Amino acid sequence: GGPGSRPSSPPPPAGGVVDGKQFFRQARSQLSYEAFNDFLANIKRLNNQQQTREATLEEARRIFGPELAHLYKEFEQLLSRHAV
């Protein structure tokens with residue numbers, strides 16, 4: 001995929017529910033290889049109870065940065081849906 005090759009994605013389901021698989025596919029396509037691995041490690045730490053949800057979100061915000069703020073927002077929604 002060169003620059004400008006953006007597959008048209010289907011509109012999100014009503015209610016803007018974030019689907020996990022869809023989200024990861026999106027994140028994978030927009031983050032660099034290193035950033036995506038950082039992100040996965042971040043989630044792994046959360047799953048292993050090695051860090052809080054707040055810390056995970058903080059880290060995700062850093063990884064996504066201002067240009068991918070929309071992904072961060074989706075991730076935030078994903079986490080709040082799956083809140084224990």
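Predicted model: local features only at pLDDT ≥ 70, side-chain atom pairs only at ≥ 80, totals over all residues.

Visitor: Is Gln49 buried or exposed?
Guide: A residue counts as exposed when its relative accessible area is over 50%. Gln49 has a relative accessible area of 71%, and therefore Gln49 is exposed.

Visitor: What value is phi of Gln49 near?
Guide: Most residues other than glycine have a negative phi. Gln49 is a residue other than glycine, yet its phi is positive, with a value near 55°.

Visitor: Which side chain is joined to the side chain of Gln51 by a polar contact of 2.5 Å?
Guide: Leaving aside residues up to four places away in sequence, Gln51 touches Asn42, Arg45, Leu46 and Thr56. With the side chain of Arg45, the side chain of Gln51 makes a polar contact of 3.1 Å. The polar contact of 2.5 Å joins the side chain of Gln51 to that of Asn42.

Visitor: Thr56 touches Gln51; in which helix does Thr56 lie?
Guide: Thr56 touches Asn42, Leu46, Gln51, Phe75 and Leu79, when residues up to four places away in sequence are not counted. At 0% relative accessibility, Thr56 counts as buried. The helix in which Thr56 lies spans residues 53-64 and is α3.

Visitor: Which residue has the backbone oxygen that the side chain of Thr56 reaches at 2.8 Å?
Guide: Thr56 itself belongs to helix α3, which covers residues 53-64. The backbone oxygen that its side chain reaches, at 2.8 Å, is that of Thr52.

Visitor: How are α2 and α3 set against each other, roughly parallel or roughly antiparallel?
Guide: The axes of α2 and α3 come within 10 Å and cross at roughly 175°. On the α2 side the contact is made by Ala35, Asp38, Phe39, Asn42, Arg45 and Leu46, while the residues of α3 include Arg53, Thr56 and Phe64. By class, this contact has seven nonpolar, two polar and five charged residues. Since an angle over 145 degrees counts as roughly antiparallel, α2 and α3 are therefore roughly antiparallel.

Visitor: And α3 with α4, is their crossing left-handed or right-handed?
Guide: The axes of α3 and α4, the latter made of residues 69-81, come within 9 Å and cross at roughly 160°, and the two helices are therefore roughly antiparallel to each other. As for the handedness, the crossing of α3 and α4 is right-handed.

Visitor: How many nonpolar residues are there in the contact of α3 with α4?
Guide: From α3, Arg53, Thr56, Leu57, Ala60, Arg61 and Phe64 meet Leu71, Tyr72, Phe75, Glu76, Leu79 and Ser80 in α4. Of the residues in this contact, three are charged and two are polar, and the number of nonpolar ones is seven.

Visitor: What share of the 84 residues in the protein chain is buried?
Guide: Among the buried residues are Thr56, with 0% relative accessibility, and Gln51, with a relative accessible area of 18%. Over the 84 residues of the protein chain, the share of buried residues is 27%.

Technical notes
Residues numbered from 1 in each chain as written. Heavy atoms only, no water. Helix = DSSP H or I, 4+ residues; strand = E, 2+ residues; numbered from the N terminus. Buried < 20%, exposed > 50% of the residue type's maximum accessible area, 1.4 Å probe, protein only. Polar contact = N/O pair within 3.5 Å; in protein donor to acceptor, adjacent residues only side chain to side chain. Contact = heavy atoms within 4.5 Å. Axes fitted to C-alpha atoms, helices over the stretch in contact; angles between N-to-C directions. Parallel < 35°, antiparallel > 145°, perpendicular 65-115°, else oblique. Left-handed = near helix turned anticlockwise from the far one by under 90°. Nonpolar A, V, L, I, M, F, W, Y, C, P; charged D, E, K, R; others polar.
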